[in-house]
Amino acid sequence: MAKITYITSDAQVHEIEVQNGLTVMEGAVQNDIPGIDADCGGGMACATCHVYVQDDWFNKIPEKEDGEEDMLDMAFEPKKNSRLSCQLIVSDELDGLVVNIPKKQA
Amino acid sequence: MNKTDALIIGAGPTGLFTAHQLNLIGLSCEVVDNLDKVGGQCIELYPDKPIYDIPAVPECTGEELTKNLINQLKPFDIKFHLGERVEEVKKDDINWIVKTNNGKIFSTPNVIIAGGVGSFEPRKFPVKECEKFENKSIFYSVKDKKIFEGKTVAIFGGGDSALDWAVELSKKSKVNLIHRRDEFRGAQATVSTMHTLVKEGKINLFTKYQMTSVKGNGQLESIDIKNDDDETKNIKADYALGFFGLIMQLGPIANWGLNLDKKTIEVDTEKFETNQKGIYAVGDICTYPGKLKLILSGFHEGALAARACFKLARPNEKYRFEFTTTSTSLLKRLGKKE
């Protein structure tokens with residue numbers, strides 16, 4: 001289990017205990033956190049689970065694999081700290097992770 | 001007015017196999033899809049990505065799966081209406097009247113929504129003011145390249161569409177290509193051509209830049225772009241083109257009086273019928289307890305929805321379950337028996 005904090009664009013803070021093995025995207029979808037659409041269901045094919053990872057965490061989490069950066073080209077307002085939350089797998093190491101959800105997904 | 005036993009909305013794998021099942025049991029059907037080609041997400045999102053969980057098919061790509069499904073439909077005469085979006089579904093006395101954006105009208109007792117996550121629409125610029133210029137000086141596809149001749153065009157994006165148009169339009173226009181990072185995901189050959197044109201001064205390249213605002217009075221005049229270090233540049237632009245791929249939108253489906261759960265349609269698991277009699281939802285777009293968004297689930301759902309259609313399309317006949325291995329009537333429909 002890891003505590004993941006999701007902050008929506010209107011500054012609502014959702015602290016969720018997410019099981020290890022689920023993705024940060026699934027943690028949001030299963031807990032009805034608004035702003036993460038995940039249209040393709042985690043296939044890294046749609047860029048609608050885009051999040052901004054807070055700076056102190058960005059370098060600690062596993063790096064992007066092939067294809068994620070390509071999909072981020074299509075995301076809504078991508079930034080340096082953009083990630084697709086379907087590619088972030090929850091583990092004890094991610095306990096305390098904070099992500100910001102963009103204004104829109106598309 | 002097109003009359004058919006069932007109208008399928010969506011030509012992805014689930015829609016295609018549902019068409020097979022309908023024809024197999026002797027019902028006619030027509031298929032409408034917003035994309036200009038058959039295959040749905042398989043073709044649009046992952047044509048080259050291998051799929052490993054289709055029963056009895058150890059490995060195949062989205063494109064191969066689509067080809068095989070089309071092959072499986074060969075014995076049947078099915079009308080496809082591609083590049084058309086269903087706008088309206090309304091009931092007359094008996095049938096559903098379905099209208100598309102191009103004005104085609106269908107009358108049918110059965111509508112099967114196999115729409116994936118909705119219809120594919122181009123992703124737009126995040127800058128809100130772009131709406132004012134859309135289809136006048138801001139576009140998400142090129143219909144007539146002549147309008148750009150002698151003009152200054154800003155092209156945004158890093159994939160094949162952005163690169164292809166940057167290369168093509170650089171022949172007769174002043175092209176500024178803007179992309180959010182140094183790497184381009186388009187074909188390597190086109191990336192090289194683009195870089196050569198940049199060296200020759202035929203394309204101005206701005207990487208690590210994104211649009212922050214647009215300026216103009218009726219007609220676009222210039223665009224502000226900002227880089228990762230917050231430096232802003234103002235570039236002249238008569239036109240802007242954005243190529244950020246496609247996004248799926250539920251679109252008009254939301255207005256048809258169906259019970260929705262987020263972006264999915266609630267159905268029963270006997271007929272895959274919605275809260276409206278004669279309207280079914282199958283594949284990724286439907287939801288029920290235990291729903292799995294797998295292609296194989298879509299096939300199962302389509303097979304059952306097709307049987308449910310029989311009752312409304314042939315109210316005076318009784319549906320009889322048969323196997324393709326043994327049934328003479330099924331084999332006749334498949335063209336395997338005279």
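## A walk through chains A and B

Let's start with the layout of chain B: the centres of its domain 1 and domain 2, taken over C-alpha atoms, are separated by 38 Å. Domain 1 covers 2-121 + 247-333 and domain 2 covers 124-244, with bounds that come from an automatic or database domain assignment. Please keep in mind that this is a predicted model, in which local features need pLDDT of at least 70 and side-chain atom pairs count only at pLDDT 80 or more, while totals for chains, interfaces and linings use all residues. Residues are numbered from 1 along each chain as its sequence is written, and chains are lettered from A and ligands numbered from 1 in the order in which they are written.

Now to the sheets of chain B. Helices (H or I, at least four residues) and strands (E, at least two) are DSSP runs, numbered from the N terminus, and two strands pair if DSSP finds at least two bridges between them. One open sheet has four strands in the order β1-β9-β8-β7, with mixed pairing. Its edges are β1 (2-3) and β7 (86-91), each with a single partner strand, so one side of each has no neighbour in the sheet. A hairpin of four residues joins β7(B) to β8(B), and these two strands pair in the antiparallel sense over five bridges. Strand β8 (residues 96-100) also pairs with β9 (residues 105-108), again antiparallel, over four bridges. You can follow this through B:Val98, which stands opposite B:Val89 and opposite B:Phe106 in β9(B).

Another open sheet of chain B has five strands in the order β12-β19-β13-β14-β15, and here the pairing is parallel. The edge strands β12 (138-139) and β15 (203-207) each pair on one side only. Strands β13 (residues 152-156) and β14 (residues 174-179) pair over five bridges, with B:Ala154 opposite B:Asn176.

What about the interior? A residue is buried if 20 or more other C-beta atoms lie within 10 Å of its own, exposed if 12 or fewer, and partly exposed in between, with C-beta atoms placed from the backbone. A nonpolar core is a set of buried Ala, Val, Leu, Ile, Met, Phe, Trp, Tyr and Cys residues joined through C-beta atoms within 7 Å. The largest such core has 64 residues, and B:Val153, B:Phe156 and B:Ala240 are among those with the most contacts inside it. Helix α5 (residues 160-169) of chain B gives the largest share, six residues. Apart from this core lies another, of 52 residues, including B:Cys29 and B:Ile285.

Helix α1 (residues 13-24) of chain B is mostly covered, with 10 of its 12 residues buried; B:Leu16, B:Phe17 and B:His20 are among them. After α1(B) comes B:Gly26, whose phi is positive, near 90°.

In chain A, A:Val18 is found in strand β2 (residues 13-18) and counts as buried because it has 23 C-beta neighbours inside 10 Å. Two residues are in contact if their C-beta atoms, placed from the backbone, lie within 7 Å. Leaving aside neighbours within four places in sequence, A:Val18 is in contact with A:Ala2, A:Ile4, A:Gly27 and A:Val90.

Finally, where the chains meet, 13 residues of chain A are in contact with 16 residues of chain B.
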